[in-house]
Amino acid sequence: MNENNKTRSRFTKEVKTDVVNAIVHGELWLEEAMTKYNIQDRRTVITWLRKYLRNK
C-alpha cells in the first residue's frame with residue numbers, strides 16, 4: 001500500500017466505550033483488546049483511555 005493512500009479505520013462510540021471499559025475493569029489487557037476489536041495501533045486505545053480518565 002502506498003504511504004499516501006493509507007485509510008483510517010473509524011470506530012463507533014460503542015466500540016470505544018467497550019474497549020475502554022474492558023481495560024479499566026480488568027477484563028482485557030490492552031493487547032487483548034486490540035486483537036479482539038482489530039485495532040492496529042496501540043496509540044489509538046491509549047488516546048481513548050486518556051480521554052476517559054480526563055473526563056472521570
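## Basis

The model is predicted: local features need pLDDT of at least 70, side-chain atom pairs count only at pLDDT 80 or more, and totals for chains, interfaces and linings use all residues. Residues are numbered from 1 along each chain as its sequence is written, and side-chain values use heavy atoms, with hydrogens and water left out.

## Salt bridges

There are 2 salt bridges, each defined as a side-chain nitrogen of Lys or Arg within 4 Å of a carboxyl oxygen of Asp or Glu. One joins Glu31 and Arg42, at 3.3 Å from N to O. Glu31 belongs to helix H2 (residues 30–36) and Arg42 to helix H3, so this pair ties together parts that are 11 residues apart in sequence. Helices are DSSP runs of H or I with at least four residues, numbered from the N terminus.

Glu31 is partly exposed at 41% relative accessible area, and Arg42 is partly exposed at 40%. Buried means under 20%, exposed over 50%, and partly exposed in between (1.4 Å probe, protein chains only).

The closest N and O atoms of Asp41 and Arg43 are 2.7 Å apart in a salt bridge. Asp41 is partly exposed at 27%, whereas Arg43 is exposed at 59%.

## Positive patch

Arg10, Lys16, Arg50, Lys51 and Arg54 form a surface patch of positive charge. Such a patch takes residues with over 30% relative accessible area and no salt bridge, like charges being joined within 9 Å. Helix H3 (residues 42–55) supplies the largest share, 3 residues.

Lys16 lies in helix H1 (residues 13–24) and is partly exposed, at 33% relative accessible area.

Notes: Patches are made of residues with over 30% relative accessible area and no salt bridge: like charges are joined within 9 Å, nonpolar side chains (Val, Leu, Ile, Met, Phe, Trp, Tyr) within 5 Å. Accessible areas come from the Shrake-Rupley method with a 1.4 Å probe; for residues, only the protein chains shown count as cover. Lys and Arg count as positive and Asp and Glu as negative; His and the chain ends are not counted. The place of a charge is taken as NZ of Lys, CZ of Arg, CG of Asp or CD of Glu. Helices (H or I, at least four residues) and strands (E, at least two) are DSSP runs, numbered from the N terminus.
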